[in-house]
Amino acid sequence: MALSACGLTGPARRAYRWLHDTQRPDGSWPRTIGGPGTGHPDEVADQAAESHHAAYVAVGVWHEFLVTADRGFAASMWPVVRRATDWVLGLQTPRGEIAWERDAAGRPGEFALLSGCSSILQGLRCAIALAELADEPQPDWELATVQLGHVLACHPEAFEEKNRFAMDWYYPVLAGALRGPAAELRINGGWEAFVVPGLGSRCVTDEPWVTVAETCELALALDACGRVAEARKLYDGVQPQRHDDGSYWTGWQYKNQEHFPDERSSWTSASVILAADALTGFSGGAAIFRDAPAPRLSGADPRLGGWSAPDPYPPADPQACGCAPVRV
């Protein structure tokens, strides 16, 4: 996505071709391909698959379409998106959350992750948009997306407790599960715990460590709910972490005043690019986090995530929506 935002269409398309060619028949990808202990960069190191990995291909393909308006590319990747989305929804529970993995033996994970399911929500919304582009509507996907959005907004008990991680704080806003007053409450509630003035966002609450990727994702979440000035301030705060070659350090341990970990990761630099795009609008995909496509279920009850309603975001209190907290 970052390559595409920068106009590097050729390298971006090679990445999508790799996803096309390595997708398994069931619609998933192995958790790890290549890396230490493997003899070849294409050798599978871990056969398990994660649901948010598979769902995110739809975000990438929709983003590529927004940037390039290339319907031929979207059509070529539509079967990949369709298989991936069906695989992901095979892990959805009756309540609506989606298990985080299917292990190497094919068993579904025992719990769902708030950040992962938030990411999946955006993936499903982009998959629905691609289905419409392909003239193959998927009403079951729309219902599943509404159900997942409702659980994300109303039922924190559905997810494994990971409150120390910044991603669990801002991802429901970044991915569009929360907007309006609910997003304000979410962001304000975690601000003091995670944000270090002048430096950025901690990765976890219990370590003196700010990370560039989390800070830029938080900036994207702020931009998505209209807090643009704060987003720009966060973005400016990570610029001292830029290396002379243009890359960015993954993190800064501000107590010891040293880079930690001692690496400059590709995903970190990619997050900087996507935040810059959102804040400046230099590509056609700049608003993908701000204006994610929504299911168009007519007459949907706002309490069930019917995003077409004027104030569609339900309260965070499960009792307020009339649902009893349930463990599935």
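**Close-up views of a predicted model**

**View 1. The lining of the largest pocket, by residue class.** The residues that line the largest pocket divide into 28 nonpolar, 13 polar and six charged, as computed from a structure that is a predicted model. In total the lining of this pocket comprises 47 residues, and the pocket holds about 1900 Å³ of space. Lying nearest the centre of the pocket are His52, His53, Tyr56, Tyr171 and Trp267. Among the elements that contribute to the lining, helix α11, which spans residues 266–280, gives the most, with six residues.

**View 2. The open sheet of three strands.** The strands of this open sheet follow the order β7-β8-β9, and their pairing is antiparallel. Strands β7 (209–211) and β9 (258–259) stand at the edges and have a single partner strand each, so that one side of each is left without a neighbour in the sheet. Strands of a sheet pair through backbone hydrogen bonds, in either a parallel or an antiparallel manner. Strand β8, made up of residues 251–253, pairs with β9 in the antiparallel sense over two bridges, and tryptophan 252 stands opposite histidine 259, a residue of β9.

**View 3. The cis peptide bond at proline 261.** Phenylalanine 260 and proline 261 are joined by a cis peptide bond, for which omega is about -10 degrees. Proline 261 has its place in the loop between β9 and α11; of these two elements, β9 is an edge strand of the sheet, while α11 is the helix that gives the most residues to the lining of the largest pocket.

View 4. Two packed helices are described by the angle between their axes together with the distance between the axes. Helix α7 (residues 166–174) packs with helix α8 (residues 180–194) at an angle of about 160 degrees, the axes being 9 Å apart. Angles over 145 degrees count as roughly antiparallel, and α7 and α8 are therefore roughly antiparallel to each other; their crossing is left-handed. The axes of α7 and helix α9 (residues 212–224) come within 8 Å and cross at roughly 30 degrees, which makes α7 roughly parallel to α9. Here, too, α7 passes its partner, α9, in a left-handed crossing.

**View 5. Helices α2 and α3.** Helix α2 (residues 9–22) and helix α3 (residues 51–68) pack with their axes 12 Å apart, at an angle of about 150 degrees. These two helices are therefore roughly antiparallel to each other, and α2 passes α3 in a left-handed crossing.

**View 6. Aspartate 135 and its backbone angle.** Aspartate 135 has a phi near 60 degrees, which is a positive value in a residue other than glycine. The place of aspartate 135 is in the loop between α5 (114–133) and α6 (139–154).

Methods. Residues numbered from 1 in each chain as written. Predicted model: local features only at pLDDT ≥ 70, side-chain atom pairs only at ≥ 80, totals over all residues. Heavy atoms only, no water. 1 Å grid on protein atoms, 1.4 Å probe; cavity = no way out; pocket = protein on both sides within 12 Å on 5 of 7 lines; lining within 4 Å. Points joined across faces, edges and corners; volume = space filled by probe spheres on them. Helix = DSSP H or I, 4+ residues; strand = E, 2+ residues; numbered from the N terminus. Nonpolar A, V, L, I, M, F, W, Y, C, P; charged D, E, K, R; others polar. Pairing = 2+ DSSP bridges. Axes fitted to C-alpha atoms, helices over the stretch in contact; angles between N-to-C directions. Parallel < 35°, antiparallel > 145°, perpendicular 65-115°, else oblique. Left-handed = near helix turned anticlockwise from the far one by under 90°.
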